[in-house]
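Let's take a walk through this one, beginning with the overall build and then moving on to a handful of residues worth a look. Keep the viewer open as you read.

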Amino acid sequence: MDQTNKYTHTSYLENEGRFKGILSWLLSTDHKRIGLLYMNTIIVFFLVAAVLGLLMRIEKMAPGADIMDAQTYNGVFTIHGIIMIFIIVIPGLAAVFGNFFLPIMIGAKDVAFPKLNLLSWYIYVIGAIMGVLSQFVGGGAPDTGWTFYVPYSAESATNVLFALTAAFILGFSSILTGLNFIVTIHRMRAPGMGWFKMPLFPWSLYATAWIQVLATPIIGITLLLVIAERTLNIGFFDPALGGDPLLFQHLFWIYSHPAVYVMILPAMGVVTEIFPTFSQKPVFGYTAIAISSLAIALVGYFVWGHHMFTSGISYWSRWFFSFLTFIVAVPSAIKVFNWVSTMYGGSIDLKPPLLYAISFIFLFMIGGFTGLALGSLATNVHLHDTSFVVAHFHYIIFGGMGFAFFAGIHYWFPKMYGRMYNIKLANIAWGILFVGFNVLYFPLFIIGLQGMPRRYFDYLPQFETGHFVSSIGAFILFAGLILMLYNLVRSRRKGPWATANPWKGVTLEWQIESPPTHENFETIPEIKHPPYLFKKEND
Amino acid sequence: MFDGASNLAQGVDNAFFFIFAVAFVFIVGITAFMIYIVVKYKRSKGKPAMQFSRNIKLEVIWTVIPLILVILMFYYGWVGFAPMRKVPKDALEITAIGRMWEWEFDYGDGKVAKELVIPVNKPVRLNLKSEDVNHSLFIPAFRVKEDVVPGYDNYLWFTPYYIGDYEILCTEYCGLLHSSMVSKTRVLAEEEYEDWLANLEATGDIPDPEGLVLLRETGCLACHSLDGSKLVGPSFKGVYNSERVVVDSNEEITIVADEEYLKRSIYEPDEQLVKGFNKGLMQSYEGTVTGEEADLMIDYLKELE
C-alpha cells in the first residue's frame with residue numbers, strides 16, 4: 001500500500017489560498033483545514049484533561065491525601081469533566097471528521113457555510129480558553145463538578161461564573177456546526193445521491209446535528225439562569241432564594257442526555273464506515289442503521305429523567321423514564337448485530353482501524369449493558385452516583401466515542417496526510433490502550449457495586465484494592481496513549497507515502513487523491529450506486 | 001454483599017442478577033463470535049468476500065428478542081422498586097438531616113443523634129431534610145438511596161433484618177468534605193434500642209449555646225471547624241486570644257485574635273487575613289450578622305479551647 005514517490009497534485013496541505021504561513025490555517029475556510037484546526041486543539045486539550053485524570057487516579061491510589069488536598073481534588077474532577085465533555089467529546093468526531101469528510105463523502109466541495117464554519121472554531125477556542133482561565137482567575141478553581149448542580153453551584157465561592165460562561169459559549173459553536181451540517185446534507189449532496197444512497201457516517205452526523213441545534217439552546221438558557229442567579233440573586237433554582245433545585249436538574253439533563261447521543265452517534269457512524277472496508281463487504285442492514293440513528297436521536301430526548309431516579313421525582317415519572325430508557329437501548333443493539341453481520345463472511349483484514357472498531361463493539365457492549373443496570377429502577381437506587389456510573393460512562397464515552405475516534409484517525413490518516421503510520425507500532429499501542437482501559441475502569445464497576453460513591457476525594461478501607469488496581473490501569477492507558485500519539489504525530493511528516501486508496505474503500509473519499517485537493521473533486525461525481533458496492537472478485 | 005440485609009435487598013438483587021446474566025451471555029457470545037469471524041474469514045487470495053447485505057428474517061429476530069429482553073429487565077427493575085415507595089403505616093419515623101458535611105438523625109422531642117440507631121425487624125421511614133445543598137443518603141447494605149434536596153420532602157424506608165453496623169454515605173456531591181460525610185446505622189435488638197432512646201433523651205435535652213446555633217445557622221461551620229481541622233478557613237478551636245500571623249496589605253504582622261479582631265474578621269474578612277489562606281473566599285457578613293449576634297458568636301468561641 002505504500003508508494004515511494006510523493007504525490008504530484010497540489011493538496012489542501014500545500015494550497016494556502018490568500019494567506020501564507022500560520023494565517024493560511026487560522027483564516028482558512030477550507031473544511032479540511034478547519035477539521036485539522038479542531039483536531040489539533042482537541043488533542044492538546046485531551047492531553048491536559050488526561051493528565052488531570054491521571055493525577056486523580058494517583059491521588060486515589062491509597063486512602064487519605066496523597067498528592068493533593070480535597071479542595072484541589074474537587075477542582076480537578078470539575079475541570080477534567082468540563083474539558084472532556086464540553087471541549088473534547090461533544091465537538092470531537094463531528095468537528096474533526098465531520099468537517100473533514102462530510103463534504104467529501106457526499107460529493108461536495110465544502111460545507112454550506114464555510115465562513116460560519118471558521119467562526120464556529122473561533123467561538124469554540126474562545127470558550128475553551130475561558131474554561132482554562134476559570135482555573136486561574138477569581139476565587140479559585142470551580143469545584144461544582146461539570147454538572148453544576150444548584151444550590152451548590154449557586155453558593156460555591158469559587159469561580160463558577162467563568163466556567164458557566166465557557167460552557168455557554170462552547171454551546172454556540174456546537175449549534176452553528178450542527179446548523180451548517182444540516183444545510184450541507186440537505187442541499188449539497190452530489191447529483192444522484194438520494195437520502196438512501198448517502199453513506200452512514202453522514203447519516204449519523206445528520207441525526208447528531210439535529211440534536212445539537214435543538215437541544216443545545218436549552219443548556220445555554222439554563223446556564224444563563226444560573227449566572228443570573230449568582231450575579232442578580234434572582235431565585236430560579238436556589239431554594240434559599242425561592243427557587244427549585246430539581247428544575248435545574250430537569251433542564252440540565254434535557255440537554256445533557258441528548259448530548260450523550262451527540263457523542264456516540266458519530267462514533268457509531270465512524271465504525272460503520274470501517275467494518276465494510278476491512279471486510280470488503282456491503283454494510284449489513286443499511287436502512288436499519290440509518291433509521292436507528294434517527295430513532296436514537298428522537299427517543300433520546302425523552303429519557304433525561306433517568307439521571308434523576310433518586311432525586312425525588314414522582315413514582316410514575318420514574319416508571320415512564322425507566323421504560324423509555326430500555327426502549328432506546330434497542331436501536332443500539334440492532335447496530336451491534338449489524339456491524340457483526342457486516343464482518344461475517346467478509347474478507348477480513350485486521351488492520352489498526354478494524355482492531356479499534358472491534359474493541360469499540362466490545363467496550364460499547366459493556367458500557368451498554370451496565371447502562372441497562374442503571375436504567376432499571378431497583379438497581380439504579382443502589383448504583384446511582386456510585387463509581388459504577390463513572391465506569392459505565394467511561395466505557396461508553398471513552399471506550400465508545402474515544403475508541404471510535406482512534407479507529408477513525410487510523411482509518412482516515414492516509415487520506416488526511418497522504419502518508420501512512422507505522423502499522424506494527426499502531427497495533428502495539430492499541431494493545432496497551434485496550435488493556436490499560438479495562439484495568440482502569442473495570443474495577444470501578446466492582447467497587448461501585450459494593451457502594452463506593454463517585455466524586456469522593458477519600459474512601460473507606462474496603463475500596464482500597466479496587467482503587468489501587470484502577471490506578472495501575474491509568475498508567476498503562478496513559479502509556480498507550482503516548483505511544484499512539486507519537487506514532488501518528490511522527491508519521492504526519494515522516495511516514496511513508498500512502499496511495500489514494502490503501503484500504504480499498506468504496507465511499508467517495510477513497511476515490512480522490514490523498515491528501516485531497518483544495519476543491520476535493522475536479523468534477524462533481526454523479527452517484528449511480530448505493531454507497532457500499534464492492535466488486536465481486538469474479539466480475 | 002448479597003446478604004439481603006433489608007426487606008428491599010432481594011428485589012434489587014433479583015434485577016441485578018437477571019440483567020447481569022443476560023449481559024454476560026451477550027457480551028461473551030458476541031465477542032467470541034467476532035473473534036471467530038476474524039479468524040475464519042481472514043483475508044486471503046481465492047477467498048472472496050460474500051456480498052449479502054440484508055436478511056429481513058434475521059433483522060426482525062434481533063429487533064424483537066432484545067425488545068423482549070429489555071422489557072423483562074424493566075419489569076424486574078420495577079418490581080424491585082415498587083415496594084420502596086410503599087411505606088407501611090406503622091413505620092418508625094425519623095428525620096434525617098443532611099448538612100455540609102454531616103448527618104444528623106432527629107427522633108422528635110429534641111432527641112438528636114449523629115448515628116442512625118434503629119431496632120431490628122421494624123420498618124423505618126427516614127424523612128430527608130437538607131439544611132443547605134443537595135445531599136443523598138445511601139445505605140449500600142440495605143439497597144436504599146434517595147437525594148436530600150432542600151425544599152423537598154423526600155423519604156425512604158426499609159426494614160433491617162440483622163443486628164449490626166452498616167455504613168451511611170453521602171452520594172450527591174456537596175462540596176469540600178463530601179467524602180467525609182459518612183455515618184453509621186446501628187441496628188439493635190428492640191430492648192437495646194429502647195434503652196438507647198431513653199438515654200438519648202438525657203443528653204439531647206441540653207440546648208446548644210446560642211453562639212453555636214448562630215454559627216451553624218449562618219453557615220460559618222462549613223469553612224471553619226470546631227475540632228481544630230483545617231477546612232477552607234482556619235479552625236475556630238482555640239482561636240480566641242491566640243497569636244496569629246496575618247497579612248495586612250501585603251505585610252505580615254503578628255496579632256492577637258481578641259474580640260476586636262474576631263469581630264472585624266466577620267465584617268471585613270480580607271483586611272487582616274491569616275497567613276496561608278486565600279483572599280476572596282469569605283464574603284463580608286455586614287448586614288447579615290448583627291453586632292449582638294457577633295458578640296454571642298465570639299462568646300462561644302471564648303469557650304472553645
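## What counts as buried

A residue is called buried here when its relative accessible area is under 20%, with a 1.4 Å probe and protein chains only. By that cut-off, buried residues make up 67% of the 539 residues in chain A. Bear in mind that you're looking at a predicted model.

## Chain A overall

Chain A is built from 16 helices and two strands. What radius of gyration does chain A have, next to that of a compact globule with 539 residues? The globule would come out near 24 Å and chain A has 23 Å, so the two agree. Along its principal axes, the C-alpha trace spans about 70 × 45 × 45 Å.

Take the contacts in chain A with a separation of 6 or more: residues 24 or more positions apart account for 81% of them. The accessible surface of chain A is about 17400 Å², and carbon and sulfur atoms hold 69% of that. As for charge, chain A carries 30 positive and 25 negative charges, whose mean positions are 10 Å apart.

A:Met263 sits in helix α9, which covers residues 245-279. Its relative accessible area is 4%, so A:Met263 is buried. What does A:Met263 touch, once neighbours within four places in sequence are left aside? The partners are A:Ile85, A:Val89, A:Ile90, A:Leu93, A:Ile397 and A:Met401. There's also A:Gly402, 139 residues away from A:Met263 along the chain, with a distance of 9.4 Å between the two C-alpha atoms.

A:Ser491 belongs to helix α16, residues 464-494. Leaving out residues up to four places away in sequence, A:Ser491 is in contact with A:Phe413, A:Arg419, A:Met420, A:Tyr421 and A:Asn422.

Where does chain A have a cis peptide bond next to a proline? Look between A:Val150 and A:Pro151, where omega is about 10 degrees. A:Pro151 is in the loop that runs from α5 (114-133) to α6 (152-155).

Then there's A:Arg455, which isn't a glycine but has a positive phi of about 55 degrees. You'll find A:Arg455 in the loop between α15 (423-449) and α16. Is A:Arg455 buried or exposed? Its relative accessibility is 13%, so A:Arg455 counts as buried.

## Chain B overall

Chain B has six helices and 13 strands. A compact globule of 305 residues would have a radius of gyration near 19 Å, but chain B has 29 Å. The C-alpha trace of chain B spans about 90 × 60 × 30 Å along its principal axes, and 48% of the 305 residues are buried.

For contacts in chain B with a separation of 6 or more, 61% are between residues 24 or more positions apart. Carbon and sulfur atoms account for 56% of its accessible surface, which comes to about 15300 Å². The 29 positive and 46 negative charges of chain B have mean positions 20 Å apart.

## Loops and a helix in chain B

Chain B has a cis peptide bond too, from B:Met100 to B:Trp101, with omega near -5 degrees. B:Trp101 is placed in the loop between β1 (92-99) and β2 (102-106). B:Arg143, a residue other than glycine, has a positive phi near 60 degrees. The loop between β6 (135-139) and β7 (144-148) holds B:Arg143, and at 1% relative accessibility B:Arg143 counts as buried.

Finally, have a look at helix α5 of chain B, residues 259-267. Its buried residues are B:Tyr261, B:Leu262, B:Ser265, B:Ile266 and B:Tyr267. What do the buried residues of this helix pack against? They pack against β11 (243-248), β12 (251-256), β13 (272-274) and α6 (291-303) of chain B.

Technical notes. Residues numbered from 1 in each chain as written. Chains lettered and ligands numbered in written order. Predicted model: local features only at pLDDT ≥ 70, side-chain atom pairs only at ≥ 80, totals over all residues. Heavy atoms only, no water. Helix = DSSP H or I, 4+ residues; strand = E, 2+ residues; numbered from the N terminus. Rg over C-alpha atoms; globule rule 2.2 N^0.38 Å. Buried < 20%, exposed > 50% of the residue type's maximum accessible area, 1.4 Å probe, protein only. Contact = heavy atoms within 4.5 Å. Areas by Shrake-Rupley, 256 points an atom, 1.4 Å probe, with all protein chains shown as cover. Lys, Arg positive; Asp, Glu negative; His and termini not counted. Charge placed at Lys NZ, Arg CZ, Asp CG, Glu CD.
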